[in-house]
Every structure is written in structure tokens, then in C-alpha cells.
Amino acid sequence: MADIVETASNAGCFKTLMTVWEAAGLLDILKSPGPYTLFAPTDEAFAKIPAHEIADLLDNLPKLKRVLTYHVVSGDVRSDDLIQIDAAPTFEGSVLAIDNSDGVRVNDAKVLQQDILADNGVIHAIDTVLIPALVAAQS
């Protein structure tokens with residue numbers, strides 16, 4: 001297997017996510033031993049965001065880092081775990097809401113694919129970029 005960065009890069013549907021992680025200088029987090037769980041927005045999820053908003057994030061490194069680390073949870077949280085919890089603390093410091101009433105949702109994002117395994121954790125593909133409350137309030 002490979003680490004989360006290599007696994008996400010090889011999947012082919014997380015190109016934008018890996019580009020912004022690299023731009024933020026945070027790839028070392030996803031390459032470290034972990035284990036970590038990455039709720040990974042697909043390229044289609046990033047396509048929903050207006051280009052000027054992505055440019056604003058790229059121009060504001062602290063804000064970009066908060067958004068990206070909001071997608072990471074410590075530990076190897078697989079699908080079996082997701083159905084047993086209703087919240088998960090993130091690297092960013094906030095908590096993600098987990099809802100299992102109709103498929104699996106993380107905040108407002110639908111989990112499209114679960115349990116993409118990596119050497120240092122797991123990736124769950126989601127259909128929306130998650131924005132922490134304080135960042136959303138600043139927009």
C-alpha cells in the first residue's frame with residue numbers, strides 16, 4: 001500500500017485536493033505515520049466552489065490550512081466506526097457531525113466512497129468541501 005497522499009493521488013479523483021494541500025505546505029501531515037482519517041472532497045466537490053473563492057483561499061494561507069485540517073481526524077475511522085459515532089474532532093479543532101440516517105453524511109457532505117485504505121489511515125470520498133464555522137463566518 002501507500003500513504004494517504006500517494007493513495008489519494010493514485011485514485012485520480014482528488015487532484016484538486018492534493019494540489020491545495022501541497023500549496024498549503026501540509027502534505028507532511030498526510031505522509032506522517034498517523035493513523036489519520038481524511039474526508040476527501042472529490043474534484044467535483046471543488047468544482048462547486050466559485051473560482052474566486054478558491055483563489056481567495058489560496059491567497060490566505062492560514063484560512064486554507066484551517067479548511068484543509070478540518071477534513072482530517074486522528075485515528076483510523078472506517079465505515080464500521082462511522083455508523084457508531086455522531087461526531088469526530090478534527091485537526092483544525094472543530095468537530096464534524098456524523099449522520100447515518102440516510103447513508104453517511106459528514107456535516108452537509110455525502111460520503112461517496114468509504115474505506116479507501118492507506119498505510120497510515122483511511123480516506124472517505126465526500127461530495128462537498130467542508131468549511132469550518134469560523135472560516136465561513138469570515139467569508
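This note goes through the predicted model point by point.

1. Basis. The model is predicted, local features are reported at pLDDT of at least 70, side-chain atom pairs count only at pLDDT 80 or more, and totals for chains, interfaces and linings use all residues. Residues are numbered from 1 along each chain as its sequence is written, and side-chain values use heavy atoms, with hydrogens and water left out.

2. Naming of elements. Helices (H or I, at least four residues) and strands (E, at least two) are DSSP runs, numbered from the N terminus. Helix α5 covers residues 51-59 and helix α6 covers residues 61-69.

3. The α5 and α6 pair. The axes of α5 and α6 come within 5 Å and cross at roughly 105°. That makes α5 roughly perpendicular to α6. Angles of 65 to 115 degrees count as roughly perpendicular, under 35 as roughly parallel, over 145 as roughly antiparallel, and the rest as oblique. The axes are lines fitted to C-alpha atoms, for helices over the stretch in contact, and the angles run from 0 to 180 degrees between N-to-C directions.

4. Residues between these helices. Leu57, Leu58 and Asp59 of α5 meet Leu61, Lys63, Leu64 and Val67 of α6. Contact here means heavy atoms within 4.5 Å. The residues of this contact divide into five nonpolar, no polar and two charged. In this count Ala, Val, Leu, Ile, Met, Phe, Trp, Tyr, Cys and Pro are nonpolar, Asp, Glu, Lys and Arg are charged, and the others, Gly among them, are polar.

5. The main core. How many residues has the largest nonpolar core? The count is 29, and the residues with the most contacts inside this core are Leu17, Trp21 and Leu38. Helix α2 (residues 15-23) gives the largest share, four residues. A nonpolar core is a set of buried Ala, Val, Leu, Ile, Met, Phe, Trp, Tyr and Cys residues joined through side-chain atoms within 4.5 Å. Buried means under 20% relative accessible area, exposed over 50%, and partly exposed in between (1.4 Å probe, protein chains only). Leaving out residues up to four places away in sequence, Leu38 touches Ile4, Leu17, Trp21, Leu30, His71, Val72, Val122, Ile123 and His124.

6. Ile123. This residue is found in strand β7 (residues 121-126). Ile123 is buried, with a relative accessible area of 0%. Not counting residues up to four places away in sequence, its contacts include Ile4, Phe14, Leu38, Ala40 and Ile116.

7. Val106 is in strand β5 and counts as buried at 0% relative accessibility. Beyond the residues up to four places away in sequence, Val106 touches Phe39, Leu96, Ala97, Ile98, Val111 and Leu130. Val106 and Ile126 are 20 residues apart in sequence, with their C-alpha atoms 8.1 Å apart in space.

8. The aromatic pair. A pair of aromatic rings is described by the distance of the centres and the angle of the planes. Rings of Phe, Tyr and Trp (its six-membered ring) pair if their centres lie within 6.5 Å; planes under 30 degrees apart count as stacked, over 60 as edge-to-face and the rest as tilted. By this rule there is one aromatic pair. The rings of Tyr36 and Phe91 have centres 5.3 Å apart and planes at 80°, so the pair is edge-to-face. Tyr36 lies in strand β1 and Phe91 in the loop between β3 (87-89) and β4 (95-99), so the pair ties together parts that are 55 residues apart in sequence. Tyr36 counts as buried at 13% relative accessibility, whereas Phe91 is partly exposed at 34%.

9. Backbone exceptions. Most residues other than glycine have a negative phi, and most peptide bonds are trans. Gly34 and Pro35 are joined by a cis peptide bond, with omega about 5°, and Pro35 is in the loop between α3 (27-31) and β1 (36-41). Asn107, which is not a glycine, has a positive phi of about 55°; Asn107 lies in the loop between β5 (105-106) and β6 (109-118). Asp115 also has a positive phi, near 60°, and lies in strand β6. Both count as partly exposed: Asn107 at 26% relative accessibility and Asp115 at 28%.

10. Ser79. Buried or exposed? Ser79 counts as buried at 16% relative accessibility and is found in helix α7 (residues 79-82). Leaving aside neighbours within four places in sequence, Ser79 is in contact with Gln114, Asp115 and His124.
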